[in-house]
Amino acid sequence: MRMWFICRFCCPAAQSNSNPEWEAKVLEYFKGQLKEKESHSWVPSLNDVPLHYLKPNSLVKFRCLVQDMFDPEFYMGVYETVDPSTKANVLRCGKYKDVTECGVDLNSRNTVTAERQTFYCVPIPGESPWAKEISFLSAARVVPSTSYVPSRQKRSYEEDDDDMDTQPQKQREPHTGTHQAEPHGNGDSKRQETEAPSSQTTTPSDCSSHLDLNFPLPGERGPACLVKVYEGLDSFKLNDTLEIYGILSVNPVLTVLGEEKDPSLLLLNPTESMETPEEQRAHDPPASLVPRLHMLYARPLQHNNPLLPSAPTEDQSAFVSSFLVEMASVRAELLAYLTHVLLGDGLAAEYLLLHLISDVYTRRDVLPLGKFTLNLSGCPLNSYTERLYQIVQQLVPCSYRLSMSLHTMNSMRLVPKKDYVANRLVSGALQLARNTSLFLDETQLEQGQLDSSGVRNITALGNLISWQKVDYDFSYHQMEFPCNINVLVTSEGRSLLPSDCQVPLQPQVTPPNMEEYLTTIHMAQFTSQINKFRVYLSLARTLDYSISDEVTKAVEDDFVDMRKDDPQSVTAEDLHRMLVVARLLSLSLGQTTLSRDGWMRAKHIDMLRRSRTEQQKSLNGNEP
């Protein structure tokens, strides 16, 4: 596909064509081409290809999260320029462009102003190294063009960010996981050419005076983009994860315009001259640091697992059908693997597996249905929880470990906050993509005093766990944003945070060297086996589920029978938890309906868990 096609049909000559629907037909054509299953193989990705390898005005894609949505802006959809030699007027098109041609006739009656919106998009926060690596290896290959020579002295991401970043270097290092069973080759070194370090300061005021990439998580690296959106604005919302196809714009003039506004733009939108210097820096960063992407088509991502088909197609249906056949066997292998990781505790491994496939599938009023926050208590101290997280990171496409030390809770910004000086949303660590695995390591919490910031952070984590929502701070009010985040809490005793299910860990083995033990377990898995686990966990989330009237009646009767002898022994909350466990057990086996056997199995493991919890309480009389 050639981008001249767009340029040709965006020109005024095309607009004067007898067919007034030329623009819709162009977009329809491109959307049809980009929906083809092979489009990923020939469209280069900003996530994988260095920016200086890509030609300006070329077609690219970007896998990202919508971190902020700026105010609508006006641009010259059609305008006239005056040829300096012939004095002739020439009609030009301004769509999919950031800068007008020289010699704009500001008095032309043919000028047509249009409106577009800008999204600030960042790479998906916490994307696992293995997911990035597989995406990179399957990405379209781009060879630097020998015919294209940039007309500017390229500023690298690192040069831009080193001048402006306020974070120490050690906090900007990528968050790496455990050693993988598969070799990486040289993919990492090549991909790092596309990556820019982020900075996450602890006070929003700093963000007004220092330009950073505003990534939600500290230590994240990668390109950020200003995405120009022309249609379907109502179909996008904050925190959406998208794969955007569009026209790349890295015009060096944008850097100048960030400092000195084009008079023609000020004529179109006088409010441009009212921007503060902080707002200009946030909204008009150098194009070499934050390229512009003019959206042609955006595909919502239900997941970002590169091992699965990413959109509902016939191929995906065939893939799901073929994998369902081996769901039970893969489950058994994964359960055995997790049992070894959890030091021989099969019950804890069962609950961890169910937690990893949990998902908020709907909301009833304010209640999120399907969430399953797990508290693994009794975890060994030292490095066990960190290694456990690294193993979880190898299984899920998105994750983040929050070490709940006193310093972290008092200093880290978890909740996004509106910066009215720079007119942007300053990101926080809880601005995450759907189905991100959030690993809260409470074993790191020591004695001390939480300050007001720490109390707010604990409250935010509690609201996230209980209601699957984060209240963003808009200074004068809070705005509620629903989310879908899997929260796993590891703790020494019972967690101070709420949870849907607590499982005290009962190790059956005591390795003399925990690090060596866990490394050996992981390295014993072949790459193909780990990939099956990754597919299994993502696929189980996507399956439909239902309960027949017959099984519903049986469950109700069972609940009444359980309460006959002691009404306090089983509460409505217990019933709800068992129904969630029954749902996850069914889906973990590839079953889309609840059977009577599935319900009995859910009751059985819940009884074992409650018995263990009561036993743990009697041993630790001081626990609530």
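Asp-345 and Arg-612 are both buried, a term denoting under 20% relative accessible area, with exposed meaning over 50% and partly exposed in between (1.4 Å probe, protein chains only). The model is predicted, so local features need pLDDT of at least 70 and side-chain atom pairs count only at pLDDT 80 or more, whereas totals for chains, interfaces and linings use all residues. Residues are numbered from 1 along each chain as its sequence is written, and side-chain values use heavy atoms, with hydrogens and water left out.

The protein comprises 22 helices and 18 strands, taken as DSSP runs numbered from the N terminus (helices, H or I, at least four residues; strands, E, at least two). Of its 624 residues, 54% are buried.

Salt bridges, defined by a side-chain nitrogen of Lys or Arg within 4 Å of a carboxyl oxygen of Asp or Glu, number 24. One of them pairs Asp-345 with Arg-612, with the closest N and O atoms 2.6 Å apart. Asp-345 lies in the loop between helix H13 (327-341) and H14, and Arg-612 in helix H22 (residues 596-619), so this pair ties together parts that are 267 residues apart in sequence. Asp-345 also caps the N-terminal end of H14, where a side-chain oxygen lies 3.3 Å from the backbone nitrogen of Leu-347.

Helix H14 (residues 346-356) is mostly covered, with 10 of its 11 residues buried; among them are Leu-347, Glu-350 and His-355. A salt bridge joins Glu-350 to Arg-601, the closest N and O atoms being 3.0 Å apart. This pair links helix H14 to helix H22 across 251 residues. Glu-350 is buried at 5% relative accessibility, while Arg-601, at 36%, is partly exposed.

Asp-606 is buried at 0% relative accessibility, and Arg-610 is partly exposed at 26%. Salt bridges with shared partners connect Asp-574, Arg-577, Asp-606, Arg-609 and Arg-610 into one network.

Elsewhere, Thr-385 belongs to helix H15 (residues 384-393) and is buried, with a relative accessible area of 0%. Its side chain makes a polar contact with that of Asp-441 at 2.7 Å; such a contact is a pair of N or O atoms within 3.5 Å, and within protein one must be able to donate a hydrogen and the other to accept it, residues adjacent in sequence counting only if both atoms are side-chain atoms.
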